[in-house]
Amino acid sequence: MTKRTIYVATCLLLAGALAACGGDDDEDRATKAPVTTAAPSGAPAADVVTVDMKDIKYIPRDATAKVGQTVRWTNSDPVAHTVTAKSGSDVDSGTIDANETFETKFDKPGKVDYVCTIHPNQTGTVTVVR
């Protein structure tokens, strides 16, 4: 075999291996209940309260939302997080993987304390007002 033939064969093998590891898990996702929702395109930014999950923190830690307003958490960390109410609500996002979002709306005023069950020191609050 020539060096060129070996090179081409190696490239083809590597390309095939990379394609097999492509991470396309649509089949797995189809069997799971969705834990994230996407905001409708064109939704006004003022209608959404955003919380970032970054460096194992909720930013901002304390957010305020109006009754019925969408609250969106975005996972900007390379590790999974959750948004799980400790008091004031029964919200539970399930696992939010890296670069995914979770949204919910609160239907009554009050304070919602929540935690990441994966990182118990990661806590936050949403104060829901009229």
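**Entry 1: the sheet**

I began with G110, which stands opposite V128 in β8. I am working on a predicted model, in which local features need pLDDT of at least 70 and side-chain atom pairs count only at pLDDT 80 or more, while totals for chains, interfaces and linings use all residues. Residues are numbered from 1 along each chain as its sequence is written, and side-chain values use heavy atoms, with hydrogens and water left out.

I noted how the elements are named: helices (H or I, at least four residues) and strands (E, at least two) are DSSP runs, numbered from the N terminus. Two strands pair if DSSP finds at least two bridges between them.

How many bridges join β7 to β8? I found six, and these two strands run antiparallel. I then looked at β3 and β8, which run parallel and are joined by five bridges. Within this pairing, T64 stands opposite T127, and A65 has V128 as its bridge partner.

I wrote down the order of the open sheet of four strands as β3-β8-β7-β5, with mixed pairing. The edges are held by β3 and β5, each with a single partner strand, so one side of each has no neighbour in the sheet. On average, neighbouring strands of this sheet are turned by 35° against each other, direction ignored. For such angles, axes are lines fitted to C-alpha atoms, for helices over the stretch in contact, and angles run from 0 to 180 degrees between N-to-C directions.

I checked how enclosed β8 is. Five of its seven residues are buried, so β8 is largely enclosed by the rest of the structure. Buried means under 20% relative accessible area, exposed over 50%, and partly exposed in between (1.4 Å probe, protein chains only).

**Entry 2: the nonpolar core**

I looked up the largest nonpolar core, which has 19 residues. Such a core is a set of buried Ala, Val, Leu, Ile, Met, Phe, Trp, Tyr and Cys residues joined through side-chain atoms within 4.5 Å. The residues with the most contacts inside this core are Y58, V71, W73, V83, F106 and V126. At least two core residues come from each of β1 (48-54), β3 (62-66), β4 (70-75), β7 (110-115) and β8 (123-129). The largest share, three residues, is supplied by β1.

Leaving aside neighbours within four places in sequence, F106 is in contact (heavy atoms within 4.5 Å) with residues including V71, W73, V112, V126 and V128.

Is H81 buried or exposed? I read a relative accessible area of 0%, so H81 is buried. H81 lies in the loop between β4 and β5.

I placed H119 in the loop between β7 and β8. Which side chain makes a polar contact of 3.2 Å with the side chain of H119? I found that of H81. A polar contact is a pair of N or O atoms within 3.5 Å; within protein, one must be able to donate a hydrogen and the other to accept it, and residues adjacent in sequence count only if both atoms are side-chain atoms. The side chain of H81 has another polar contact, of 2.8 Å, with that of D77.

Beyond four places in sequence, H119 touches I56, V79, A80 and H81.

**Entry 3: the salt bridge**

I searched the whole structure for salt bridges (a side-chain nitrogen of Lys or Arg within 4 Å of a carboxyl oxygen of Asp or Glu) and found one. R72 forms it with E103, the closest N and O atoms being 2.6 Å apart. The pair links distant parts of the chain, with R72 in strand β4 and E103 in strand β6, 31 residues apart. R72 counts as buried at 19% relative accessibility, and E103 is buried at 14%.

**Entry 4: backbone details**

I found a cis peptide bond between I59 and P60, with omega about 0°. P60 sits in the loop between β2 (57-59) and β3.

I56 is not a glycine, yet its phi is positive, near 60°. I56 lies in the loop between β1 and β2 and counts as partly exposed at 35% relative accessibility.

N99, also not a glycine, has a positive phi of about 65°. I located N99 in the loop between β5 (84-87) and β6 (101-105), and at 68% relative accessibility N99 counts as exposed.
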